[in-house]
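Visitor: I have a few questions about this model. Please show me the sequence and the structure before we start.

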Amino acid sequence: MENKVLITGANGFIGSALVAAALGRGYEVWAGVRATSSLARLPVDRIHCIDLKYNDPETLKEQIAAHVCKHGAWDYVIHNAGLTKTLRRAHFFEINAEYTHRLLDALSQTGCKPKKILLMSSLSVYGGGDARTFRPVRLDDPQRPESIYGKSKLLAEKYLCQQDRIPYVILRPTGVYGPGDKDYLMEIRSIRAGFDFAAGMKPQFLTFIYINDLAEVAFRALEIESVQNRAFFVADGDVYTDEQFARLIQEILGKKHVMRLRLPLWAVYVSCLCSELFGRITGRAMTLNTDKYKILKQCNWICDTAPLSAELAFKPAFDLRRGLQETIQAELSK
């Protein structure tokens, strides 16, 4: 009998990769998507879709209870749904944290307790790493997020850790990239146009994980029975400066001349502020905003991936060069 998995936020960049990985492993997949969401990334003929009403806890419980009666409980749940940008900061806590809380309650109170639930969190729950020593952030370091986004993800983690009804795993990926990602695509397009803009006058030390490798980690964490009530940083193990990252993109693009500009942090902040104000005027949540500035200004994104290797026996299939080649090729082929 096929294992059944619920993947929330399934229509997004990470979610759609999780769906593809689940199908490749023979799972029966339930994709948590809103009725108004685009399903263009999803193979809708091979999956089931469910629009979970997180905003109404009682309706959510009724939905899941009805699902159990008709289909049985999910074996695994990947809670990937979340918000990375919004016009209203309170929405971060409502969607990233409170929706997680309500889902946990609904699963445990309706006879739908899975074998394990995986929360897709973020390295941002730790705040900035030490920018003097550049020591990798470790799992036992204090969690002091600066951004509202990071604080909301940390609260979601706390809700998960405080319950003892469902075994869990928390993944805290660093920079996730790959075909279909929009954030790093902005930099790729900028360099393709001949410009590279860096935040701050000091180099940033960056880490990355290719989208397919992140999906592989997620299912290893679910399927290895001994891995329970654990958290992992997810990165490919290599470290790059922001300039090395940009030059690698330039090399893959075959772009001979690129103008590199380092913007002082005050200028980055002003740009984020202007973008945010424009978003408020137009009613659009912008990628650049003052909360994102708190993330952009951080210099140390190095994290300790030793537990990932030791407990999940994970070795990335994609280093940054190969991953960027795949990403850029997908962009150029459009």
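Visitor: In which sense do strand E5 (residues 116–120) and strand E6 (residues 168–173) pair, and over how many bridges?

Guide: This is a predicted model, where local features need pLDDT of at least 70, side-chain atom pairs count only at pLDDT 80 or more, and totals for chains, interfaces and linings use all residues. Residues are numbered from 1 along each chain as its sequence is written, and side-chain values use heavy atoms, without hydrogens and water. Strands (E, at least two residues) and helices (H or I, at least four) are DSSP runs numbered from the N terminus, and two strands pair if DSSP finds at least two bridges between them. E5 and E6 pair in the parallel sense, over 4 bridges.

Visitor: What is the order of strands in the open sheet?

Guide: The sheet has 7 strands with parallel pairing. E3 and strand E11 (230–234) are the edge strands, each pairing on one side only. The order is E3-E2-E1-E4-E5-E6-E11.

Visitor: At what angle to E4 does helix H3 run?

Guide: Helix H3 (residues 90–109) lies across strand E1 (4–8), strand E4 (76–79) and E5. Axes are lines fitted to C-alpha atoms, for helices over the stretch in contact (heavy atoms within 4.5 Å). Angles run from 0 to 180 degrees between N-to-C directions. For H3 and E4, the angle is about 170 degrees.

Visitor: Which residue forms a salt bridge with Arg89?

Guide: A salt bridge here is a side-chain nitrogen of Lys or Arg within 4 Å of a carboxyl oxygen of Asp or Glu. For Arg89, the closest N and O atoms of the pair are 3.0 Å apart. Arg89 sits in the loop between E4 and H3, and its partner lies 187 residues away in helix H8 (residues 265–282). That partner is Glu276.

Visitor: Is Glu276 buried or exposed?

Guide: Buried means under 20% relative accessible area, exposed over 50%, and partly exposed in between (1.4 Å probe, protein chains only). Glu276 has a relative accessible area of 13%. Because 13% falls under the 20% limit, Glu276 is buried.

Visitor: Which helix holds both Arg247 and Glu243?

Guide: Their side chains meet in a salt bridge of 2.9 Å, N to O. The two residues are 4 apart, about one turn of the helix. Arg247 is partly exposed at 44%, and Glu243 is partly exposed at 36%. Both lie in helix H7 (residues 242–253).
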